[in-house]
Amino acid sequence: MSIGERTYYFGRLNIAAMYDNKTEYVINAFRQGVRLEERGNIWEFIDVSRLEYNNDIYIHAFLTKYRKLFPEEIVNPDTSQSEQGVIENLIIAKSSFFLHIKSGTIAYQASSNQIRSKQFDSQFCKLFEKAHNHFFVDTDIQAINERGDFIERINEFQTIKKISFKLHPSNPRSHPIWKSLDDDIKAIGASKYTEEYSSKKDGSNSLNIDRIRLSEEIRSKIEMANDGYGKASFSGLINGEFKTITTSGNPIKATVLIREKVEDVFDSVKSSFDKILRGLIINAVKLENIKYILLSWDFPLSIAIGALLYFLLPETVPNAFAKDVYGVAISILSIIFPLHFAALTIIMSSSDDSFVLFLEEKNRYTAIIFIFRFSLLSLFAALVFSIFAYVNTLVLTVEGFSDQRKYLFSIFASIFSYGLCATLTTTLDAITYGLMRSKFLRAKKATTEAKSNKENK
């Protein structure tokens with residue numbers, strides 16, 4: 001690393017506390033101006049500022065270590081002699097950090113001599129808890145690690161004697177890999193989850209390594225710890241030596257150029273924040289949308305229609321009948337497809353930013369666009385398959401075949417029926433969209449009127 005560069009390490013600030021508004025609760029901790037005195041040094045958050053990016057709030061500040069009175073050799077200009085003096089409030093070291101309040105993702109500097117990584121974690125949490133008078137608040141910072149690296153390191157063990165997990169529930173969203181585990185912890189109402197696997201104390205055996213490697217449950221706990229919601233550790237023999245590895249060993253980091261303005265430094269770490277937040281939020285949203293499609297009534301119904309026709313139809317279907325059905329399907333889909341595309345275009349173009357943000361608070365806008373997009377692709381696939389089936393039937397007829405196998409007709413029936421059902425579903429979603437927009441406009445009008453009345457008073 002060159003002299004003009006600094007490295008930011010990424011972690012997760014886990015807060016176990018009672019609060020109504022997390023944003024206000026976190027911001028208040030930095031407004032208090034609390035100080036912590038240890039071993040002659042004073043610790044404090046200084047130069048606190050607020051940043052906004054992608055409609056989310058970030059805090060930037062310095063965790064600072066300084067001395068109230070610092071003895072130092074100085075020059076007396078009256079005598080031109082050196083003498084022992086005292087410098088007040090001399091900064092020994094300070095670590096810059098950026099905190100994404102909603103997810104607790106934190107990027108911070110750590111030096112090898114004055115404020116090491118573990119010391120930053122410890123002192124930050126002590127100050128945060130002191131700012132809230134230690135009233136039912138417990139915090140810690142866990143490293144966010146590169147996904148997959150820890151799993152690969154487990155393969156180095158010849159024997160594993162002990163596995164331990166210390167996890168926290170996520171806030172606000174979880175990753176699909178460990179969502180089920182996270183939901184269980186939240187449902188129980190636990191602020192922490194601790195688990196340990198140990199082999200027999202006499203050392204006569206090891207934990208089952210093959211089972212550990214194949215266990216989806218253990219993998220989900222490892223990945224949850226990797227994402228900064230706790231810590232996982234494995235102990236055992238590697239190359240004949242007893243070693244312990246933890247998920248905090250390979251944190252995500254970003255190397256940036258030294259800048260005078262906080263905003264310029266923030267621009268350099270934004271991509272790393274985006275990478276981490278996309279991994280937690282976008283993947284989870286996509287998984288929920290896919291689950292919605294698979295569990296919705298139209299998908300199993302279309303499969304059932306195709307399966308029912310396959311079992312009820314004779315082994316072959318007359319080409320003349322099949323060609324007429326394919327032709328009708330092409331005509332219907334040719335009308336529906338452009339109308340559906342137009343409806344999607346209207347929804348995307350007619351939404352103002354404030355309404356989109358209102359829907360996106362619970363990922364509704366993303367879900368609506370995803371479902372419309374999926375339905376549009378389904379209609380296109382149904383149209384293409386219908387054309388293929390129609391052309392295939394014409395070819396069979398020209399070659400002198402009067403019938404075709406029923407499997408092609410059954411597949412067509414499933415795809416075509418799903419396209420129609422998906423169109424009905426998205427039409428109902430469009431109606432819901434309109435109702436929500438009406439609700440939003442009424443609420444916006446009421447808020448504006450209330451604000452106007454307050455100003456008039």
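Mentor: Strand S8 (residues 159–167) and strand S10 (residues 230–238) run antiparallel and are joined by eight bridges. This is a predicted model, in which local features need pLDDT of at least 70, side-chain atom pairs count only at pLDDT 80 or more, and totals for chains, interfaces and linings use all residues. Residues are numbered from 1 along each chain as its sequence is written, and side-chain values use heavy atoms, with hydrogens and water left out.

Trainee: What makes S8 and S10 a pair?

Mentor: Two strands pair if DSSP finds at least two bridges between them, and with eight bridges S8 and S10 therefore qualify. Strands here are DSSP runs (E, at least two residues), numbered from the N terminus. Within this pair, Ile163 stands opposite Phe234 in S10.

Trainee: Which order do the strands of the open sheet have?

Mentor: The order of the four strands is S9-S8-S10-S11, with antiparallel pairing. Strand S9 (193–198) and strand S11 (241–246) each have a single partner strand, so they stand at the edges and one side of each is left without a neighbour in the sheet.

Trainee: Why is Lys94 said to sit over the ring of Phe62?

Mentor: A charge sits over a ring if NZ of Lys or CZ of Arg is within 6 Å of the ring centre and within 35 degrees of the ring normal. Lys94 lies over the face of Phe62 at 4.4 Å from the ring centre, so the distance meets the cut-off of 6 Å. Lys406 likewise lies over the face of Tyr310, at 4.4 Å from the ring centre.
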